[in-house]
Amino acid sequence: MDLSPAAVGRAVSEVFDGVDAQPRIDRLERGFSWVTLGVDDVIVRVAPRGGPLDPYDPEVEAANLQRVQGIVPAPRVLAVQPNPGNPIGRPFGVHSRVPGQVLRLESVTELRSEYTAAAADALSRLHALTTPITVTDAYDAELDRTEAAYRRAAPDRHPEFEAALFWLRAHRPDCDDPAVWCHGDFRFANMCWTGPGELGGILDWERAWAGDPMCDVAFTRRFSGWCSVDDSAGYGHAIDQKRLAYAARFERVRSFTASMRALRAWLDGRSDDPRLLTIGRRGEQAMKTELDWATD
C-alpha cells in the first residue's frame, strides 16, 4: 500500500476530479479498520489487506451511504475505486467531509441531554427506512453471515461462540414487522458534532444492514455510554423489551467476529499491526466469560 502524496494524488484523480497531483494528506485516526485519509477537501477510505471487518469493499460502504442520503446526515459518495490495481495498491472510496468534529464521551460535561436527543432523533429517522424483508428473515440472514465469518476467521474452534450461535438460532424472535435499515455501529464515537446537540454527520457505515431496530438500540446501550437510547422519548418508536434483550446478546456475539478476523489477518501476515493481535487475544478471553449464558 502506497500512501505517499504522489500515489494518492494519482489514484484519486483517476476517479475524481478535485484533488491536486501532490495533495495535502492527513492520516485520520478512525480506529483499527479502514485507513482514513483527509486528502485536500475530501475523505479517502482505503481498504486494508486485513482487519476486524475483513473483507473490505468500498462499493458496499458506498451503497450504504447512498441509501441513507437525505434521511440522516452522512458523507456523500464522490467516487469508488474497487480495483486494487491503482497507484495506492488497494481499493478505496472517496467521500465528502461532514461538518463538525468527533468528540470523546468524557469530554462532554454539559448539555449531554441535547446530544442524546439529537442522536435518538437521527436513529429514529434511520429506522423509518423499512426494507422488504421481515425482522425474522433479517436475523436468519445475519446469523448465516455471522457463522460464515466465524468459519473463515477462527484460527481454532471456539465452543463458547458456537454455543451462543446455537442459542441465538433457537431463541430467534418470530416477528413479521418489516426489517429497517440499521447502522450496525451507532455510537457517540461515530458522530460528528457542530455544536451541542447539533449533528453534522454519522460516520462508518460499513456494518449497516437490514435488521431489527432493537439491535441499534441495544448497541447504543453497550457501546455509547451516556449517549444511548434509554427509552422511547426522543427515539419515537416503541421499544420491545423482549426483542431488546435478545438483540443485546445478538450484537455481542456478532461483535466477536471482529476480534477473530483481526487475529486471522495478523496470523496470515496480511497485517503486521500488533494491535490486531491484542484485539484477537482479548476477544478470545472475553468469549469465555461473556458468553456463559449460552452454555448455561
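A residue is called buried when its relative accessible area is under 20%, exposed when that area is over 50%, and partly exposed in between (1.4 Å probe, protein chains only). By that rule, buried residues make up 53% of the 296 residues in the protein chain. This is a predicted model, in which local features need pLDDT of at least 70, side-chain atom pairs count only at pLDDT 80 or more, and totals for chains, interfaces and linings use all residues. Residues are numbered from 1 along each chain as its sequence is written, and side-chain values use heavy atoms, with hydrogens and water left out.

**The whole chain**

The C-alpha atoms fill a box of roughly 60 × 45 × 40 Å along the principal axes. Colour by secondary structure to find 9 helices and 11 strands; helices (H or I, at least four residues) and strands (E, at least two) are DSSP runs, numbered from the N terminus. Among contacts (heavy atoms within 4.5 Å) with a separation of 6 or more, 69% join residues 24 or more positions apart.

**Gln22**

Select Gln22, in the loop between α1 (5-15) and β1 (25-28). Gln22 is exposed, at a relative accessible area of 56%. Apart from neighbours within four places in sequence, Gln22 is in contact with Pro5 and Ala6.

**Backbone exceptions**

Most residues other than glycine have a negative phi, and most peptide bonds are trans. Select Asp40, in the loop between β2 (35-39) and β3. Asp40 is not a glycine, yet has a positive phi of about 50°; with 9% relative accessibility, Asp40 counts as buried. Next go to Asp54 and Pro55, which are joined by a cis peptide bond with omega about 0°. Pro55 sits in the loop between β3 (42-46) and α2 (58-68). Then select Leu111, in the loop between β6 and α3 (112-126). Leu111 also is not a glycine and has a positive phi, of about 55°; Leu111 is partly exposed, at 45%.

**A sheet of 3 strands**

Show β6, β9 and β10. They form an open sheet in the order β6-β9-β10, with antiparallel pairing. β6 (101-102) and β10 (198-202) stand at the edges with a single partner strand each, so one side of each has no neighbour in the sheet. Two strands pair if DSSP finds at least two bridges between them, and 2 bridges join β6 to β9.

**His183**

Move to His183, in the loop between β8 (178-182) and β9 (191-195). His183 is buried, with a relative accessible area of 0%. The side chain of His183 reaches the backbone nitrogen of Asp185 at 3.0 Å. Beyond neighbours within four places in sequence, the contacts of His183 include Leu126, Asn190, Trp205 and Asp216.

**The cysteines**

How many disulfides does the structure hold? It holds 0, a disulfide being a pair of cysteine sulfur atoms within 2.5 Å. For Cys182, the nearest cysteine sulfur, that of Cys215, is 6.1 Å away. Cys182 is buried at 0% relative accessibility. Finish at Cys227, whose sulfur is 13 Å from the closest cysteine sulfur, in Cys192, and therefore too far for a bond. Cys227 counts as buried, at 3% relative accessibility.

Notes:
A polar contact is a pair of N or O atoms within 3.5 Å; within protein, one must be able to donate a hydrogen and the other to accept it, and residues adjacent in sequence count only if both atoms are side-chain atoms.
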